[in-house]
Structure formats: C-alpha cells, structure tokens
Amino acid sequence: MLRLGTIVMGAADVRRAAEFWARALGYVPRDGEVSDDWTVLVPADGAPGPGIALDLSTTPVQDHPRVHLDLYAADAAEQRSEITRLLALGAERVDWDLYPEDADFVVLADPEGNRFCVIDAAHDSP
C-alpha cells in the first residue's frame with residue numbers, strides 16, 4: 001500500500017523557502033542542514049506526516065496552481081491568528097479571483113510565490 005511521504009515544491013531560493021516553511025509548520029531539516037538546491041523538512045517533534053521537500057527551480061509560479069497545500073485551522077479565530085503569523089513570517093495575501101461566496105479558506109503565497117490555503121476547518125461544522 002502506498003502512503004504520502006513528501007510534498008515537493010520548487011523554490012528559486014531554497015534556504016529562504018526552508019526558513020519560512022520550518023517556522024510556519026514547526027518543521028526541521030531532515031538531514032540537519034539545508035543546501036542551496038535541495039532540502040527535506042520534517043516535523044520537529046517526530047510526529048508522522050508528510051515532509052516538505054524544496055527543490056531549486058527557475059520555473060515560474062503558477063497563478064492558479066494545479067497542486068497546493070491546505071493548512072487547517074481549528075476555527076475562524078485560529079485561522080485569523082495563523083494568517084497574521086504567516087504574514088509576519090513572509091507570506092503574502094494573494095488577490096484570488098476564484099473565491100466562492102462564504103469561502104472557508106484564504107489564499108496566501110510563501111516567499112517564493114507558491115500558493116497555499118489556510119482553511120477554517122469548523123466553517124461548516126454544526
């Protein structure tokens with residue numbers, strides 16, 4: 001049976017991207033260091049979950065990427081708090097033209113321009 005091991009994202013500056021994602025997710029370099037062209041980040045506490053690999057890339061960022069990360073916040077208050085924290089770490093708000101009415105997500109971009117969403121996981125919960 002297959003399992004998801006690592007999510008790979010391109011980055012023009014692997015070190016900058018690694019610093020952002022390590023601080024955003026509480027991850028650390030799997031091998032203890034970050035190189036200029038490749039690194040894999042894993043949960044610092046050793047918890048199971050996918051790693052984030054960053055690969056040197058000069059490919060332009062897609063405005064509407066086919067694949068992106070969804071980060072879940074417990075509720076709207078945590079979502080707002082996490083968005084503020086991520087913006088302070090270097091993320092940017094994306095002027096997203098595809099928001100549905102009553103969206104439960106906010107689209108941000110990491111310092112490399114890779115899009116990701118912060119989701120209010122309690123949005124439709126009773």
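Which side chain meets that of Asp31 in a salt bridge? The partner is Arg30, with 3.9 Å from N to O.

## About the model

This is a predicted model, in which local features need pLDDT of at least 70 and side-chain atom pairs count only at pLDDT 80 or more, while totals for chains, interfaces and linings use all residues. Residues are numbered from 1 along each chain as its sequence is written, and side-chain values use heavy atoms, leaving out hydrogens and water.

## Salt bridges

A salt bridge here is a side-chain nitrogen of Lys or Arg within 4 Å of a carboxyl oxygen of Asp or Glu. By this rule there are six salt bridges. For exposure, buried means under 20% relative accessible area, exposed over 50%, and partly exposed in between, using a 1.4 Å probe and protein chains only. In the opening pair, Asp31 is exposed at 63% and Arg30 is partly exposed at 49%.

Helices (H or I, at least four residues) and strands (E, at least two) are DSSP runs, numbered from the N terminus. Within helix α1, Arg23 and Glu19 also form a salt bridge (3.9 Å, N to O); they are four residues apart, about one turn of the helix.

## An aromatic cluster

Let's turn to the rings. Rings of Phe, Tyr and Trp (its six-membered ring) pair if their centres lie within 6.5 Å; planes under 30 degrees apart count as stacked, over 60 as edge-to-face and the rest as tilted. The structure has four aromatic pairs. Among them, Phe20 and Trp21 are edge-to-face, 5.0 Å centre to centre with 85° between the planes. Phe20 also makes a tilted pair with Phe116, at 6.2 Å and 50°. Because Phe20 lies in helix α1 (residues 14-25) and Phe116 in strand β8 (residues 115-120), that pair ties together parts 96 residues apart in sequence.

Phe20, Trp21 and Phe116 form one aromatic cluster. Phe20 and Trp21 are buried, and Phe116 is buried too.

## The sheet

Four strands make an open sheet of mixed pairing, in the order β5-β8-β7-β6. Strands β5 (69-73) and β6 (92-93) stand at the edges with a single partner strand each, so one side of each has no neighbour in the sheet. Two strands pair if DSSP finds at least two bridges between them. Two bridges join β6 to β7 (residues 105-109), and these strands run antiparallel. Glu92 has Ala109 in β7 as its bridge partner.
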